[in-house]
Amino acid sequence: MIHISRKEHFNAAHKLYNPNWSEQKNKKVFGPCANENWHGHNFDLITTVKGEIDSDTGFVVDLKKLSTLIRTEIIDKVDHKNLNIDVDFMIGKMASTEILAMEFWKILAPKIEQISKFGKLHCIKLYETPRNYVEYFGESIGHCNQYK
């Protein structure tokens, strides 16, 4: 088993805000991240694929195909966008880095299996800042549903 990763970059704005809470509670829990006029980040996305090496190519996954997939399915949809209002797969969801990583997984996992004979998505690592990042390995978490 081998792991191979591709790093991509995007810029996006978002706001952390629970519409079921008062403005005061949102500010207390999320601080400046609940700013009504949004705030932005320079995100780094690292997508790791694991699998066996294809003896015909020497690859687990063709990195050019992986890069194109990430760019068309993720980066083009989130770069220089407001995650809360411009990104269809984030509408009605908390725009936290954790949930964003989970949404990326849902999009990429089945598509990676289409471009790689032996590889499958292993990890999404999403840096919100150089010091804060999320790693997601595909486990199901029930708290990330839309607001009711």
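## Lys15 and its two rings

Let's start with Lys15, which lies over the face of Tyr17 at 5.0 Å from the ring centre. Lys15 also lies over the face of Trp38, and here the distance to the ring centre is 4.7 Å. Keep in mind that this is a predicted model.

Trp38 has a few other things going on. You'll find Trp38 in the loop between helix 1 (23–30) and strand 2. With a relative accessibility of 25%, Trp38 counts as partly exposed, because the buried class takes in values under 20% and the exposed class values over 50%. The backbone is worth a look too: phi of Trp38 is near 75°, a positive value in a residue other than glycine.

## Another positive phi

Most residues other than glycine have a negative phi. His80 is another residue with a positive value, its phi being near 55°. His80 sits in the loop between helix 2 and strand 3 (81–82). At 61% relative accessibility, His80 counts as exposed, since that value is over 50%.

## The overall layout

Stepping back, the protein has 3 helices and 5 strands. Reading from the N terminus, the elements go β-α-β-α-β-α-β-β. If you put a box around the C-alpha atoms along the principal axes, you get roughly 60 × 30 × 25 Å.

Of the 148 residues in the protein, 43% are buried. Take the contacts with a separation of 6 or more: residues 24 or more positions apart account for 70% of them.

## Aromatic pairs

How many aromatic pairs does a search of the whole structure find? The search turns up 6. One of them is Phe10 with Phe43, a stacked pair with 4.7 Å centre to centre and 10° between the planes. That pair links distant parts of the chain, with Phe10 in strand 1 and Phe43 in strand 2, 33 residues apart. Both partners are tucked away: Phe10 is buried with a relative accessible area of 0%, and Phe43 is buried at 1%.

Then there's Trp21 with Phe30. Their ring centres are 5.7 Å apart and their planes sit at 20°, so this pair is stacked as well. Trp21 is partly exposed, at 26% relative accessibility, while Phe30 is buried, at 18%.

Together with Phe89 and Phe104, they form one aromatic cluster.

## Helix 3

Helix 3 covers residues 97–115, and its length checks out: at 1.5 Å a residue, its 19 residues should span 27 Å, and the end C-alpha atoms are 26 Å apart, which agrees.

The side chains of Lys106 and Glu103 are joined by a polar contact of 2.9 Å. Lys106 and Asn35, by comparison, are 71 residues apart in sequence and 28 Å apart in space, C-alpha to C-alpha.

## Thr48 in strand 2

Back in strand 2, have a look at Thr48. Is Thr48 buried or exposed? Thr48 counts as buried, because its relative accessibility is 10% and the buried class runs under 20%.

The side chain of Thr48 makes a polar contact of 2.6 Å with the side chain of Ser5. Leaving aside neighbours within four places in sequence, Thr48 is in contact with His3, Ile4, Ser5, Lys120, Leu121, His122 and Cys123.

Technical notes: Residues numbered from 1 in each chain as written. Predicted model: local features only at pLDDT ≥ 70, side-chain atom pairs only at ≥ 80, totals over all residues. Heavy atoms only, no water. Helix = DSSP H or I, 4+ residues; strand = E, 2+ residues; numbered from the N terminus. Expected span 1.5 Å × (residues − 1). Phe/Tyr/Trp six-rings, centres within 6.5 Å; stacked < 30°, edge-to-face > 60°. Buried < 20%, exposed > 50% of the residue type's maximum accessible area, 1.4 Å probe, protein only. Lys NZ or Arg CZ within 6 Å of the ring centre and 35° of its normal. Polar contact = N/O pair within 3.5 Å; in protein donor to acceptor, adjacent residues only side chain to side chain. Contact = heavy atoms within 4.5 Å.
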